[in-house]
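Hello,

Here is the structure I promised to pass on to you. Have a look at it first, and then read my notes below.

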Amino acid sequence: MATALTFAITWGTVSIEPATVWRIAAAQLLQAAGIEPAVQTSWSVQQFQIVWLIRMPRVLLAALVGAGLAVVGVVMQAMVRNLLADPYLLGVSSGASVGAVSVLAYGTLAMAGSYALTAGAFAGALAATLLVYALAQVRGRIHATRLILSGVAVGYVLVGLTSLITLTSGQRELAAALMTWTLGTLAGSEWKELGLPALVLAASLGWLLLQARTLNALGSGEETAVTLGVNTHGLRRRLFIVVSLLTGTMVAVSGAIGFIGLVIPHITRMLVGSNHRRVLPVAALGGAIFLVLVDLLARTWLAPTEIPAGVLTSLIGGPFFVGMLLRHTGFGGRPA
């Protein structure tokens with residue numbers, strides 16, 4: 001992880017030595033702690049601005065978003081017992097987008113102050129999750145094909161609703177900003193945006209690790225989970241909230257970046273097995289590294305033109321999804 005972070009911060013249209021990067025970081029951390037650095041500064045003003053004000057907050061936000069979306073994918077796949085479950089494919093990210101755009105366009109949830117965007121995204125993600133889950137059920141069971149179709153259908157409707165809100169808001173500048181945001185981008189990230197995603201990710205991941213045993217049981221099937229004493233309905237309600245909160249928080253700061261929740265959990269299970277006590281932290285780490293490197297590619301591949309990170313994740317995740325779709329219909333190939 002440290003290697004990926006260092007590489008992403010040092011590499012760009014202006015290359016900076018790794019030693020300079022970490023000297024700047026160490027000096028800033030010491031100053032924040034009230035300690036005056038003993039070593040004199042050996043970097044230029046331009047290097048300081050590039051490292052501390054531009055690249056470092058962006059790279060750290062990419063790590064947080066990648067980790068959060070990967071964890072969401074792990075939980076959704078256990079919750080609905082479907083290896084194809086992903087917040088982007090199932091319309092959860094689109095729901096978060098509708099909620100966030102409503103805040104931007106109409107000032108919805110203004111009483112939440114600086115947290116209004118996250119609150120709107122959370123409400124939209126929760127509504128989308130519940131709707132897709134309800135549509136995918138047949139006689140109380142989730143079926144893989146119906147789940148994917150429900151997610152795609154709900155996602156298309158919500159994308160249309162997002163466009164409608166934008167067109168009817170009367171704000172011309174919102175349309176241009178929305179185009180970049182809905183494609184998923186980490187450009188313009190600032191230090192002040194890191195606090196809430198970090199807090200939500202840490203709290204959610206900590207709680208989910210405590211639920212690792214019940215997640216293992218849930219992934220084994222409804223009957224198995226009930227036999228082991230798991231209150232599946234209560235657990236799913238809590239998981240709905242955690243999934244929606246994580247998705248909403250990450251979409252609020254980065255836009256809709258897809259397929260991380262599909263690709264990373266699948267690779268993680270290939271590496272460490274299916275025990276969620278191992279899968280959750282490894283997937284979080286893998287998601288963080290993945291999005292850091294994707295974002296690096298997004299801003300350097302066609303420099304000075306920047307590609308939205310969500311475009312690249314779709315180019316990677318789309319073929320991956322097709323391959324999985326041809327091989328799986330759920331855990332073990334059975335209806336979920």
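**Leu69 and its surroundings**

Setting aside neighbours within four places in sequence, Leu69 touches Met250, Ile257, Ile260 and Gly261, where contact means heavy atoms within 4.5 Å. Before I go on, please note that this is a predicted model, in which local features need pLDDT of at least 70 and side-chain atom pairs count only at pLDDT 80 or more, while totals for chains, interfaces and linings use all residues. Residues are numbered from 1 along each chain as its sequence is written, and side-chain values use heavy atoms, with hydrogens and water left out.

Leu69 belongs to helix α3 (residues 45–80); helices here are DSSP runs of H or I with at least four residues, numbered from the N terminus. With a relative accessibility of 4%, Leu69 counts as buried. The classes are buried for under 20% relative accessible area, exposed for over 50%, and partly exposed in between, with a 1.4 Å probe and protein chains only. From Leu69 to Ser93 the C-alpha distance is 9.9 Å, and the two are 24 residues apart in sequence.

**Salt bridges**

How many salt bridges does a search of the whole structure find? There are three, counting a side-chain nitrogen of Lys or Arg within 4 Å of a carboxyl oxygen of Asp or Glu. As a reminder, side chains of opposite charge can pair when their charged atoms come close.

Arg58 pairs with Asp295, and their closest N and O atoms are 2.8 Å apart. Arg58 sits in helix α3 and Asp295 in helix α13, so this pair ties together parts that are 237 residues apart in sequence. Both of these residues, Arg58 and Asp295, are buried.

Arg58 also forms a salt bridge with Glu306, at 2.6 Å from N to O. Glu306 is in the loop between α13 and α14 (309–327), while Arg58 is in helix α3, so here the parts tied together are 248 residues apart in sequence. The relative accessible area of Arg58 is 8%, which makes Arg58 buried, whereas Glu306 is partly exposed at 31%.

Another salt bridge joins Lys192 and Glu190, with 3.5 Å between the closest N and O atoms. Lys192 is exposed, having a relative accessible area of 72%, and Glu190 is partly exposed at 38%. Through shared partners, salt bridges link Arg58, Asp295 and Glu306 into one network.

**Helix α13**

Helix α13 covers residues 276–300, and its 25 residues should span 36 Å at 1.5 Å a residue; the end C-alpha atoms are 35 Å apart, which agrees. The expected span is 1.5 Å times one less than the number of residues. At the start of α13, a side-chain oxygen of Asn275 comes to within 2.9 Å of the backbone nitrogen of Arg277.

**Two serines**

Is Ser204 buried or exposed? Ser204, in helix α8 (residues 195–210), has a relative accessibility of 5% and so counts as buried. A polar atom of the Ser204 side chain lies 2.8 Å from the backbone oxygen of Val200. Beyond neighbours within four places in sequence, Ser204 is in contact with Val242 and Leu246.

Ser102 is found in helix α4 (residues 92–106) and is buried as well, with a relative accessible area of 16%. Leaving aside neighbours within four places in sequence, Ser102 contacts Gly107, Thr108 and Ile165. His266 is 164 residues away from Ser102 in sequence, and their C-alpha atoms are 33 Å apart.

**A loop residue with positive phi**

Phe259 is in the loop between α11 (232–254) and α12 (260–272). The phi angle of Phe259 is near 75°, a positive value in a residue other than glycine. Phe259 counts as buried, at 9% relative accessibility.

**Trp11**

Trp11 lies in the loop between α1 (2–10) and α2 (18–32). With a relative accessible area of 44%, Trp11 is partly exposed.

Best wishes

Technical notes
A polar contact is a pair of N or O atoms within 3.5 Å; within protein, one must be able to donate a hydrogen and the other to accept it, and residues adjacent in sequence count only if both atoms are side-chain atoms.
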